[in-house]
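This note comments on the fold, the disulfides and a few local features of the model shown below. Please read each point with the coordinates open.

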Amino acid sequence: FTGTAPLELENLNQLELLHLHGNRISGVMPTIAVASDLGESSFISDCGVPTEFDEPLICGSCTMCCNSQSDCNPTEKTRIQ
């Protein structure tokens, strides 16, 4: 996939896992409430640095960010890493 993330992703409020890394999504990722019965969620995108874009993808609700070298790092302390 190449381009910006659809704003309609914000409407998907029953997701437990959303892994969008390995795509060429640019711009700002919509805020997505990803939750599970275990109290943990996983939302991964290509918001890490270094990036292949002039500006990195902005993702305020991602639990993990991957970079152009395929390294993925948690954005905060979670059990899912």
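1. Definition of burial. A residue is called buried when its relative accessible area is under 20%, exposed when it is over 50%, and partly exposed in between, with a 1.4 Å probe and protein chains only. By this criterion, Cys47 and Cys65 are both buried, and buried residues make up 35% of the 81 residues in the protein chain.

2. Basis of the model. The model is predicted: local features need pLDDT of at least 70, side-chain atom pairs count only at pLDDT 80 or more, and totals for chains, interfaces and linings use all residues. Residues are numbered from 1 along each chain as its sequence is written, and side-chain values use heavy atoms, with hydrogens and water left out.

3. Secondary structure. Helices (H or I, at least four residues) and strands (E, at least two) are DSSP runs, numbered from the N terminus. The protein chain contains six strands and zero helices, which gives the pattern β-β-β-β-β-β along the sequence.

4. The sheet. Strands are taken to pair if DSSP finds at least two bridges between them. Four strands form an open sheet of mixed pairing, in the order β2-β4-β5-β6. The edges are β2 (17-19) and β6 (72-74); each has a single partner strand, so one side of each is left without a neighbour in the sheet. Neighbouring strands of this sheet are turned by 15 degrees against each other on average, direction ignored; the axes behind this angle are lines fitted to C-alpha atoms.

5. The pairing of β2 with β4. Strand β4 covers residues 42-45 and runs parallel to β2, the two being joined by three bridges. Within this pairing, Leu18 stands opposite Phe43 in β4.

6. Disulfides in general. A disulfide is assigned to a pair of cysteine sulfur atoms within 2.5 Å. This rule gives a count of three disulfides. With bonded cysteines counted along the chain, the pattern is 1-4, 2-3, 5-6.

7. Cys47 and Cys65. The sulfur atoms of this disulfide are 1.8 Å apart, and the link is left-handed, with -90 degrees about the S-S bond. Cys47 lies in the loop between β4 and β5 and Cys65 in strand β5, so that distant parts of the chain, 18 residues apart, are linked.

8. Cys59 and Cys62. Here the S to S distance is 1.9 Å. The link is right-handed, with 85 degrees about the S-S bond, and both cysteines are buried.

9. Cys66 and Cys72. This disulfide has an S to S distance of 2.0 Å. The torsion about its S-S bond is about 105 degrees, so the disulfide is right-handed. Cys66 is buried, with a relative accessible area of 3%, whereas Cys72 counts as partly exposed at 33%.

10. The salt bridge. The term denotes a side-chain nitrogen of Lys or Arg within 4 Å of a carboxyl oxygen of Asp or Glu. A search of the whole structure finds one salt bridge, in which the side chains of Arg24 and Glu52 meet at 2.5 Å, N to O. Arg24 lies in strand β3 (residues 24-26) and Glu52 in the loop between β4 and β5, so the pair ties together parts that are 28 residues apart in sequence. Arg24 counts as partly exposed at 34% relative accessibility, while Glu52 is exposed at 55%.

11. A cis peptide bond, with omega of about 10 degrees, joins Val49 and Pro50; Pro50 is found in the loop between β4 and β5. Contact means heavy atoms within 4.5 Å. Not counting residues up to four places away in sequence, Asn67 touches Gly48, Val49 and Pro50. Asn67 is placed in the loop between β5 (64-66) and β6 and counts as buried at 11% relative accessibility.

12. Ser70. This residue also deserves a check. Ser70 lies in the loop between β5 and β6 and has a positive phi near 65 degrees although it is not glycine. Ser70 is exposed, with a relative accessible area of 63%.

13. Contacts across the chain. Of the contacts in the protein chain with a separation of 6 or more, 31% are between residues 24 or more positions apart.

Terms used: Axes are lines fitted to C-alpha atoms, for helices over the stretch in contact, and angles run from 0 to 180 degrees between N-to-C directions.
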